[in-house]
Amino acid sequence: MKIDLPQRENVYRQKKGIWFSMHLDSWLLLGIFLLIITGSLIVYSASGSDLNVLIRHLTRVGFAFALMLFFAQIPPNIMRVYTPWIFLIGTLMLISVILFGEMGKGAQRWLDLGIVRFQPSEIMKLALPMMVAWLFAHDTFPPPRKKMLIGIGLVGLTAGLIIIQPDLGTSILIAMSGLFVLFFAGLSWRWIASAIAIVAASLPIVWNFYMYDYQKQRVLTFLNPESDPLGTGYHIIQSKIAIGSGGLEGKGLMGSTQAHLEFLPESTTDFIFAVFAEELGLIGVAALLTLYLLIIARGLYIASQAQDNFARLTAASLVMTLFVYVFVNIGMVSGILPVVGLPLPLISYGGSSMVTLMISFGILMSIQTHKKLLTS
């Protein structure tokens with residue numbers, strides 16, 4: 001008996017198991033659960049065993065998890081159709097922030113819609129790479145030079161609107177998410193080398209005319225935090241003390257003196273890795289990094305198995321963006337990168353970044369599970 005294509009797809013899904021039929025990737029889901037459990041324990045410890053903080057964190061995680069489940073059900077071809085509209089709405093929101101946004105931590109980054117208050121830049125963490133991937137959806141690689149230039153223009157536009165807020169760190173990270181798409185699409189190494197040379201040559205101009213005093217101070221503090229140990233260098237000095245005091249095995253859960261004695265600022269958010277390293281030591285850090293690498297490897301595998309350009313480029317960019325976030329957070333806490341306001345994915349106290357990250361995981365799962373069996 002000849003079985004038609006829809007029946008073959010149903011049989012295929014049944015063989016893959018219940019998780020696949022629910023449009024969830026079991027291996028990726030396992031890694032996410034392990035990180036969320038670990039993060040919840042460290043948030044509880046870093047907050048001084050504050051149960052209210054833990055409940056708020058788990059509430060936000062639950063909301064983000066629900067969004068992940070929702071986006072996992074949306075087929076990639078539907079996402080591709082709506083991507084230009086999402087990017088347009090996100091761009092208009094960035095413009096609205098510049099015109100009448102609310103201040104927060106020294107920058108005009110927030111948009112208050114009455115019901116909810118959020119940062120539109122979080123939307124662009126997903127919208128930009130998806131938009132650039134949409135641009136190359138029907139091209140062979142490498143795509144035409146004209147489309148490459150349009151892609152670079154989209155990245156520059158988005159980054160420029162965020163820099164104006166000002167939010168240099170976020171603009172660089174979001175720009176990288178779009179540049180990853182260009183790289184995977186086949187951007188010439190000559191273009192990459194030229195871009196690096198232009199950026200390097202423009203650094204003195206950016207330093208003297210476009211960087212704010214607090215941004216310059218962050219760079220100077222990164223180069224020599226001991227120059228102001230009780231001021232701008234305080235965060236990074238206390239962070240390195242916490243990491244170093246953890247030793248090989250750590251002090252155990254709830255044993256972080258730097259956090260509990262309030263030497264370490266932002267212990268539940270940006271600097272939570274220092275608390276993790278102090279309590280679980282080098283062994284715990286190695287296990288955490290291994291778990292991140294396994295999740296990234298699974299994400300890259302999903303990207304490699306995607307069935308069209310849009311899904312492939314989107315998945316690869318989202319995974320590499322996760323890698324950058326992990327690298328930058330751990331690098332800044334360890335003193336090898338300047339301090340930027342960036343939480344550790346799935347470990348730090350939940351917020352808008354948690355929502356964005358879980359949506360990206362939902363998109364990855366959708367790409368993995370909404371595959372069509374091809375006719376022979």
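Analyst: One term to begin with: a polar contact is a pair of N or O atoms within 3.5 Å, where within protein one atom must be able to donate a hydrogen and the other to accept it. An example is the side chain of Asn 309, which has a polar atom 3.5 Å from the backbone oxygen of Ala 137. Note also that this is a predicted model.

User: Which other backbone oxygen lies 3.4 Å from a polar atom of the Asn 309 side chain?

Analyst: That of Phe 136.

User: Where is Asn 309, and is it buried or exposed?

Analyst: Asn 309 lies in helix α14, which covers residues 309–334. Its relative accessibility is 13%, so Asn 309 counts as buried. Leaving aside neighbours within four places in sequence, Asn 309 is in contact with Phe 136, Ala 137, His 138, Asp 139 and Phe 141.

User: Stepping back, how many helices and strands does the protein chain have?

Analyst: The chain has 15 helices and three strands. Of its 376 residues, 47% are buried. Among contacts between residues at least 6 apart in sequence, 72% join residues at least 24 apart.

User: What is the average pLDDT of the chain?

Analyst: The average is 81, and 84% of the residues score at least 70.

User: Where is confidence lowest, and where is it highest?

Analyst: Confidence is lowest in helix α1, residues 5–16, with a mean of 54. Helix α13 has the highest, at 92. Where pLDDT is low, the predicted coordinates should not be read in detail.

User: What is Phe 361 in contact with?

Analyst: Leaving aside neighbours within four places in sequence, Phe 361 is in contact with Leu 28, Ile 32, Met 68, Ile 295, Leu 322 and Leu 346.

User: Changing topic: how many salt bridges does the structure hold?

Analyst: It holds three. In one of them Arg 298 pairs with Asp 25, and the closest N and O atoms are 2.6 Å apart. Arg 298 lies in helix α13 (residues 272–305) and Asp 25 in the loop between α2 and α3, so this pair ties together parts that are 273 residues apart in sequence. Asp 25 is buried, with a relative accessible area of 4%.

User: Which residue forms a salt bridge with Glu 278?

Analyst: Lys 251, with the closest N and O atoms 2.8 Å apart. Glu 278 is in helix α13 and Lys 251 in the loop between α11 and α12, so the pair ties together parts that are 27 residues apart in sequence.

User: Are those two buried or exposed?

Analyst: Glu 278 is buried, at a relative accessible area of 0%. Lys 251 counts as partly exposed, at 37% relative accessibility.

User: And what about Glu 122?

Analyst: Glu 122 forms a salt bridge with Lys 125, and the closest N and O atoms are 2.9 Å apart. Both lie in helix α6 (residues 120–135), three residues apart, about one turn of the helix. Glu 122 is buried, and so is Lys 125.

User: How many aromatic pairs are there?

Analyst: Four, counting rings whose centres lie within 6.5 Å. One of them is Phe 70 with Phe 71, an edge-to-face pair at 5.5 Å centre to centre, with 90 degrees between the planes. Another is Phe 183 with Phe 184: their centres are 5.5 Å apart and their planes at 70 degrees, so that pair is edge-to-face.

User: Why does the 70 degrees count as edge-to-face?

Analyst: Because planes over 60 degrees apart count as edge-to-face. Phe 183 is partly exposed, with a relative accessible area of 37%, and Phe 184 is partly exposed too, with 33%.

Notes: Residues are numbered from 1 along each chain as its sequence is written. This is a predicted model: local features need pLDDT of at least 70, side-chain atom pairs count only at pLDDT 80 or more; totals for chains, interfaces and linings use all residues. Side-chain values use heavy atoms; hydrogens and water are left out. Rings of Phe, Tyr and Trp (its six-membered ring) pair if their centres lie within 6.5 Å; planes under 30 degrees apart count as stacked, over 60 as edge-to-face and the rest as tilted. Buried means under 20% relative accessible area, exposed over 50%, partly exposed in between (1.4 Å probe, protein chains only). A salt bridge is a side-chain nitrogen of Lys or Arg within 4 Å of a carboxyl oxygen of Asp or Glu. Helices (H or I, at least four residues) and strands (E, at least two) are DSSP runs, numbered from the N terminus. pLDDT is the predictor's confidence in each residue, from 0 to 100. Contact means heavy atoms within 4.5 Å.
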